[in-house]
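Q: I have a chain open here and would like to talk through how it is put together. Could we go over it piece by piece?

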Amino acid sequence: MENLKSTDREMENIFKMENLKSNDAEVYDILQKELKRQQDNIELIASENLSSKSILEAQGSVFTNKYAEGYPGKRYYGGCQFADEIESLAIQRAKKTFNAKFANVQPHAGTQANFSVFFALLSPGDTILGLNLSQGGHLTHGSPVSVCGKWFNAISYNVDENGFVKYDEIEKLAKEHKPKLIISGGSAYSRIWNWQKINDIAKSVGAYHLSDIAHYAGLIAADLYPSPLEYADVVTATTHKTLAGGRGGFVLTNNEEIIKKINSAVFPGTQGGPLMHSIAAKAVTFGQTLKPEFKIYQKQVLSNAKKLSEVLSQNGIKIITGGTDSHMFLADLRPLNVKGNTAQEILEAAGITLNKNSIPYDTQKPSVTSGIRIGSPAVTARGMKENEMAQIAQSIIKVLKDIDNRKNVSDVKIEMSKLCGAFPIY
């Protein structure tokens with residue numbers, strides 16, 4: 001009996017351990033190191049951003065405990081009245097943000113959002129047409145290593161020698177292969193997409209048009225980048241890139257029949273229980289987009305990206321397409337005789353985080369690359385503006401033009417740490 005009581009007390013103590021530091025010091029220490037990394041380093045990864053404390057609070061909220069299979073008003077579990085409230089709020093705010101008639105906010109990520117579209121509108125073996133991964137597309141746009149590349153007949157279109165989408169090639173390939181779905185959008189394309197042109201091509205061959213705006217969503221929400229909602233049959237996106245929200249995906253459409261198919265494709269088609277804590281964070285995210293401050297932030301994101309590209313270009317680094325209309329761009333390092341993986345590694349040592357990236361018609365392996373991708377959302381979220389972008393760009397140049405100079409790396413590391421200290425986070 002005494003042993004049983006002892007066991008009960010031990011179990012009780014486990015659930016009373018509400019403080020992470022005292023409950024699991026090992027995990028707490030890792031989190032503290034990651035916090036310090038984010039605080040002390042310049043973040044230029046185009047797909048990353050800084051979430052507000054309110055979003056972090058919602059993402060780690062008590063909704064973590066709740067299962068809510070189904071949709072608001074049609075759940076398969078009890079106790080979902082507040083889950084219904086938070087998901088309905090996220091849906092309404094998403095629709096208002098993008099002026100869409102319908103939204104599904106349950107996809108766990110952008111990849112799951114895209115898979116839900118495939119599951120809803122395609123059958124295995126159907127032909128799809130999307131931007132080549134090596135030229136700015138995404139894994140889920142037809143890469144042979146992805147499920148979509150294995151389950152469907154994936155055809156890729158390309159960009160020209162200057163990095164611009166070849167719309168004439170899209171039309172030619174569409175007429176030749178008669179795809180069931182054409183995908184617009186990408187993960188490393190800095191210019192404005194002609195959504196209408198791609199939609200016209202899709203309709204001419206009887207194809208659906210999926211627009212993946214994961215990277216451009218924040219700019220679109222702020223009316224600083226064209227929206228595809230008027231043209232695409234269905235739109236997918238993420239909440240954690242330019243939208244600066246919690247991690248997750250969502251789907252938009254103005255077609256009632258398509259949203260019915262999407263809803264079934266998300267649940268029970270490709271997912272089980274939705275992550276209600278993530279949906280709570282999405283509700284906060286879409287709430288932020290509706291505030292005046294959000295448009296001010298996005299304008300600065302755009303200005304900062306342009307300033308970064310201009311200063312780098314003026315100092316001998318080739319920018320693919322010659323500039324940017326968005327939050328990001330690709331830099332060709334071949335004129336400096338520097339590989340992308342080397343640049344990523346040496347710049348990280350100097351306190352600047354970005355990612356190696358293939359450039360159009362790259363001859364290097366994806367693990368090496370000839371370029372880097374640079375984005376402005378996270379540094380803008382810290383409050384940095386054009387002057388700071390010029391300083392960051394000059395620091396990148398200083399390191400990359402003399403990559404064997406360890407003193408340069410050390411000096412830049414100190415400079416970037418001071419710059420971060422002037423714009424603190426958390």
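Predicted model: local features only at pLDDT ≥ 70, side-chain atom pairs only at ≥ 80, totals over all residues.

Q: How many bridges join S14 to S15, and do they run parallel or antiparallel?
A: Strand S14, residues 355-357, is joined to S15 by three bridges, and the two run antiparallel.

Q: And on the S12 side, how many bridges are there?
A: Five bridges join strand S12 (residues 328-332) to S15, again in an antiparallel arrangement, and within that pairing Leu-330 has Arg-373 of S15 as its bridge partner.

Q: Why would you call S15 largely enclosed?
A: Because five of the five residues of strand S15 (residues 371-375) are buried, the strand is largely enclosed by the rest of the structure. Gly-371, Arg-373 and Gly-375 point one way, while Ile-372 and Ile-374 point the other way, and all are buried.

Q: Switching to the open sheet, what is the strand order?
A: The open sheet has seven strands in the order S4-S10-S9-S8-S7-S5-S6, and the pairing is mixed. Strand S4 (102-104) and strand S6 (153-157) stand at the edges with a single partner strand each, so one side of each is left without a neighbour in the sheet. From one strand to the next the twist averages 20°.

Q: What about S7, which residues are on its faces?
A: Both faces of S7 are covered, with Leu-181 and Ile-183 on one side and Ile-182 and Ser-184 on the other, all of them buried. S7 pairs in the parallel sense with strand S5 (residues 127-131) over two bridges, where Leu-129 has Ile-182 as its bridge partner. Four bridges join S7 to S8, which also run parallel, and there Leu-181 is partnered by Tyr-208 of S8.

Q: Which helices lie across those strands?
A: Helix H6 (residues 110-121) lies across strand S7 (181-184), strand S8 (208-212), strand S9 (234-238) and S10, running at about 160° to S9. Helix H9 (residues 195-204) lies across S6, S7 and S8, and runs at about 155° to S8.

Q: And where is Val-105?
A: Val-105 lies in the loop between S4 and H6, and at 0% relative accessibility Val-105 counts as buried. Not counting residues up to four places away in sequence, Val-105 touches several residues, among them Ala-90, Ile-91, Phe-250, Ile-279 and Phe-286. Val-105 and Phe-250 are 145 residues apart in sequence, yet 4.5 Å apart from C-alpha to C-alpha.

Q: Which members of the largest nonpolar core touch the most others?
A: Of its 61 residues, Phe-98, Tyr-157, Ile-170, Ile-182 and Trp-193 touch the most other members. Ile-170, for one, has contacts that include Leu-129, Tyr-157, Ile-182 and Ile-201, with residues up to four places away in sequence not counted. There is also a second, separate core of 36 residues, which includes Leu-336, Val-338, Met-389 and Val-399.

Q: Last topic: at what angle do H14 and H16 cross?
A: The axes of helix H14 (residues 340-349) and helix H16 (residues 386-400) cross at roughly 115° and come within 10 Å, in a right-handed crossing. The contact is made by Ala-343, Ile-346 and Leu-347 of H14 together with Ile-396, Val-399 and Leu-400 of H16, and these residues divide into six nonpolar, no polar and no charged.

Technical notes:
Residues numbered from 1 in each chain as written. Heavy atoms only, no water. Pairing = 2+ DSSP bridges. Axes fitted to C-alpha atoms, helices over the stretch in contact; angles between N-to-C directions. Contact = heavy atoms within 4.5 Å. Core = buried A, V, L, I, M, F, W, Y, C linked by side-chain atoms within 4.5 Å. Buried < 20%, exposed > 50% of the residue type's maximum accessible area, 1.4 Å probe, protein only. Left-handed = near helix turned anticlockwise from the far one by under 90°. Nonpolar A, V, L, I, M, F, W, Y, C, P; charged D, E, K, R; others polar.
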